[in-house]
Amino acid sequence: MASVQIADVRKAYGSTQVIHGVDIDIDDGEFVILVGPSGCGKSTLLRMIAGLENISGGEIRIGPKVVNDVPPKERDIAMVFQNYALYPHMTVADNMAFSMKLRKAPKAEIEERVSKAAQILGLGNLLERYPRQLSGGQRQRVAMGRAIVRDPQVFLFDEPLSNLDAKLRVQMRTEIKELHQRLKTTTVYVTHDQIEAMTMADKIVVMHDGIIEQMGAPLDLYDKPANLFVAAFIGSPSMNLLKGKILASGFETEGGVVWPVGQHPADSNGKAAVFGIRPEHIHLDANGLEAEVVVIEPMGSETQVVVRCGGQNLTCVFRERITAKPGETIRITPDTSVTHLFDAATGKRL
């Protein structure tokens with residue numbers, strides 16, 4: 001195992017800059033997830049750690065060693081790809097053992113490592129099958145087993161669950177997290193799915209247009225997003241964001257509705273801002289603000305309700321059953337201890 005240091009790393013294709021001086025410190029044994037929308041640079045950064053992309057500037061260290069010019073095969077990393085990348089003519093056992101056979105490792109060592117990895121991943125009864133005889137989840141386990149057999153310093157995962165159905169993704173999230181807790185190998189994982197990031201990571205790095213918007217523990221990003229981009233990206237359903245201005249009595253939206261808020265910065269009366277409130281932090285209150293029910297989405301354990309308040313739509317998540325029908329009026333209020341205010345011009349948290 002080893003730490004990974006990414007210092008002022010840049011990547012350009014000709015005159016087009018795609019990574020703009022990224023700095024990330026990944027501790028030994030840490031599970032770090034790079035998350036962001038398509039085109040934000042997360043996969044490019046992962047490929048630079050792997051050595052599959054050249055670095056235009058900056059420095060990457062794996063352990064104490066600078067690896068900028070080190071070939072991928074000498075970086076002591078193992079990568080799990082989105083498309084599994086299994087050899088169709090080889091059995092599960094041969095796929096998992098392939099990298100060790102290339103290194104001419106002793107047969108006994110290969111068999112021991114393959115057997116151990118198969119036991120960890122529940123593949124013991126599938127070792128003689130071919131990839132075509134496996135489900136998507138089993139193929140992904142084989143790809144993970146091939147990485148485990150190498151016993152690398154760092155695991156790299158490039159959107160490994162995106163080809164799986166929703167139920168299997170949930171199951172595989174648990175399995176990958178449990179695997180990391182058992183092996184304690186430093187892991188860098190790329191995904192566009194913020195739910196994957198929230199549920200699996202020790203540390204999340206939110207990227208956008210080749211820069212880091214915010215980095216920290218999942219709940220730190222959820223509870224205190226640094227700017228509007230992170231506020232909107234982290235959380236499902238996403239945070240409600242309303243434009244308006246700060247008043248001494250609360251926050252007045254462009255529709256003229258005054259929302260109660262928690263603390264706001266001194267001397268901010270009349271300042272243009274964006275008010276943020278997460279759907280689960282809006283509650284039913286007989287003395288609250290009037291809101292028209294637009295859509296009701298029963299989820300079983302909770303109910304998502306889209307309401308219109310002051311001409312703007314908001315999403316609410318209620319744990320209790322809702323008897324109101326679309327077109328009817330309910331009264332709502334925010335939990336003022338968890339409201340958010342952002343500067344309208346810069347998008348930064350106030």
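The largest nonpolar core of this predicted model has 48 residues. Those with the most contacts inside this core are Ile33, Met96, Val114, Met144, Ile176 and Tyr189. A second, separate core has 29 residues.

**Nonpolar cores**
- In soluble globular proteins, nonpolar side chains tend to be buried together.
- Met144 touches Val80, Leu121, Phe157, Met172, Ile176 and Leu179, leaving aside residues up to four places away in sequence.
- Ile176, a partner of Met144, is also listed among the residues with the most contacts inside the largest core.
- The second core includes Ile19, Val22, Val32 and Leu156.

**Packing of α3 and α4**
- Two packed helices are described by the angle between their axes and the distance between the axes.
- Helix α3 spans residues 107-121, and helix α4 spans residues 136-149.
- They pack at an angle of about 135°, with axes 9 Å apart.
- α3 and α4 are therefore oblique to each other.
- Their crossing is right-handed.
- From α3, the contact uses Arg113, Val114, Ala117 and Leu121.
- From α4, the contact uses Arg141, Met144, Gly145, Ile148 and Val149.
- Six of these contact residues are nonpolar, one is polar and two are charged.

**Helix α1**
- Seven of the nine residues of α1 (residues 42-50) are buried, so this helix is largely enclosed by the rest of the structure.
- The buried residues are Lys42, Thr44, Leu45, Leu46, Met48, Ile49 and Ala50.

Technical notes: Residues numbered from 1 in each chain as written. Predicted model: local features only at pLDDT ≥ 70, side-chain atom pairs only at ≥ 80, totals over all residues. Heavy atoms only, no water. Axes fitted to C-alpha atoms, helices over the stretch in contact; angles between N-to-C directions. Helix = DSSP H or I, 4+ residues; strand = E, 2+ residues; numbered from the N terminus. Parallel < 35°, antiparallel > 145°, perpendicular 65-115°, else oblique. Left-handed = near helix turned anticlockwise from the far one by under 90°. Contact = heavy atoms within 4.5 Å. Nonpolar A, V, L, I, M, F, W, Y, C, P; charged D, E, K, R; others polar. Core = buried A, V, L, I, M, F, W, Y, C linked by side-chain atoms within 4.5 Å. Buried < 20%, exposed > 50% of the residue type's maximum accessible area, 1.4 Å probe, protein only.
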